[in-house]
Amino acid sequence: MLSTPSRHWCRGIFLGLATLATATLVHAHGDVAPQPVNTEALPDVGEEWLTENPYRGVDEAVWQTAVDIGASGYNQNCARCHGLEAISGGLAPDLRFLEAEEYGDEWYVERFRSGYTQNGITKMPAFGDLLGQKAAWAIRTYLETRPDEGALDDFSPRLKEIRDELQGWAASSDPDPDAVDAVREELSTIAAEVTTGSGAPIADSVAFRAARLLDGSAESLKIAADTLTIGLSAAQ
């Protein structure tokens, strides 16, 4: 994880690049209707807009719900410009590196609420009134759990091996429970070592997701293997 001075330097670089990238964005977002996000499973946060993420540092179940809902909301409304898994192609700010601190939250929520317009063209719609505060902070929670650039590189060879093992066990329909437990534990160990771009303590990496999915059933083996395949591909 970056030291405090380095992280503040990176924050300055991020905000500078964010302004430049948004100003030069050539594909307007305004022609795509924002998609509603179902946030009923999340606790209320009040009507007045907050300046700090209320789903950070909360009960693990609430945090995980926010990540899952935020992932869905992001993919429906943000990925078109900011990239799948929040990996930007360069036309829009790479939101993985917006620090998981109050000043990062303030920048994020102002842009989420107000959007961005250049020369009368909507580059980013104002999502605040359309999606609401709970959706805003769920998406923020998802974003700050994105793995850092290259954070999976050292683990990718082993994760591919695990993916292949899971596919083989799923095909056999008779997996060894002890072997599955060992793989789940290994995935959890790997997940704990993956750092985030934002400085948040937990990365919602493919290893983390695959470990959550494994329950020993043949179906869970296949889903976990597919999760690793898709996630490793997106990280390349």
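This is a predicted model: local features need pLDDT of at least 70, side-chain atom pairs count only at pLDDT 80 or more; totals for chains, interfaces and linings use all residues.
## A report on helices, rings and a nonpolar core

Both W63 and F208 are buried (buried is under 20% relative accessible area, exposed over 50% and partly exposed in between, with a 1.4 Å probe and protein chains only). Residues are numbered from 1 along each chain as its sequence is written, and side-chain values use heavy atoms, with hydrogens and water left out.

**Aromatic pairs**

How many aromatic pairs does the structure hold? There are 6 (ring centres of Phe, Tyr and Trp, with the six-membered ring for Trp, lie within 6.5 Å; planes under 30 degrees apart are stacked, over 60 edge-to-face, the rest tilted). One of them joins W63 and F208 edge-to-face, with 6.1 Å from centre to centre and 85° between the planes. W63 belongs to helix α2 and F208 to helix α9, 145 residues apart, so that this pair links distant parts of the chain. Helices here are DSSP runs of H or I with at least four residues, strands are runs of E with at least two, and both are numbered from the N terminus.

Y108 and F112 make a tilted pair, at 5.8 Å centre to centre and 35° between the planes. Why are Y108 and F112 separated by about one helical turn? They are separated by about one turn because they stand 4 residues apart in helix α4. Y108 and F112 also belong to one aromatic cluster, together with W49, F127 and W137. The ring of Y108 has a charged neighbour as well: the charged end of R140 sits over it, 5.8 Å from the ring centre (NZ of Lys or CZ of Arg within 6 Å of the centre and within 35 degrees of the ring normal).

**The core**

Y108 and F112 turn up again in the largest nonpolar core, which has 55 residues; along with Y74, L143, L159, L166 and L187, they touch the most other members. (Such a core is a set of buried Ala, Val, Leu, Ile, Met, Phe, Trp, Tyr and Cys residues joined through side-chain atoms within 4.5 Å.) Two or more core residues come from each of α2 (60–77), α4 (102–114), α6 (133–144), α7 (156–172), α8 (177–193), α9 (206–213) and α10 (218–235). Which of these helices gives the most? That is α6, with 7 residues. In soluble globular proteins, nonpolar side chains tend to be buried together.

L143 is in contact (heavy atoms within 4.5 Å) with Y74, A86, L95, R96 and Y108, once neighbours within four places in sequence are left aside. Helix α9 is mostly covered, since 6 of its 8 residues are buried: V206, A207, F208, R209, A210 and A211.

**Covered or open?**

| Residue | Relative accessible area | Class |
|---|---|---|
| F112 | 4% | buried |
| Y108 | 5% | buried |
| T39 | 14% | buried |
| A179 | 21% | partly exposed |
| S72 | 36% | partly exposed |

T39 is found in the loop between α1 (4–23) and α2. Not counting residues up to four places away in sequence, T39 touches I69, K134 and A135. S72 is in helix α2, and its C-alpha atom is separated by 9.9 Å from that of A135, 63 residues apart along the chain. A179 has its place in helix α8; between its C-alpha atom and that of G216, 37 residues apart along the chain, the separation is 9.5 Å.

**The hairpin and the whole chain**

Strand β1 (residues 116–118) runs antiparallel to strand β2 (residues 121–124), and 3 bridges join them (strands pair if DSSP finds at least two bridges between them). Q118 stands opposite I121 in β2. The two strands form a hairpin with 2 residues between them, and N119 in the turn has a positive phi of about 55°.

Stepping back, the chain has 10 helices and 2 strands, in the order α-α-α-α-β-β-α-α-α-α-α-α from the N terminus on. Of its 236 residues, 46% count as buried. Among contacts in the chain with a separation of 6 or more, 75% involve residues 24 or more positions apart.
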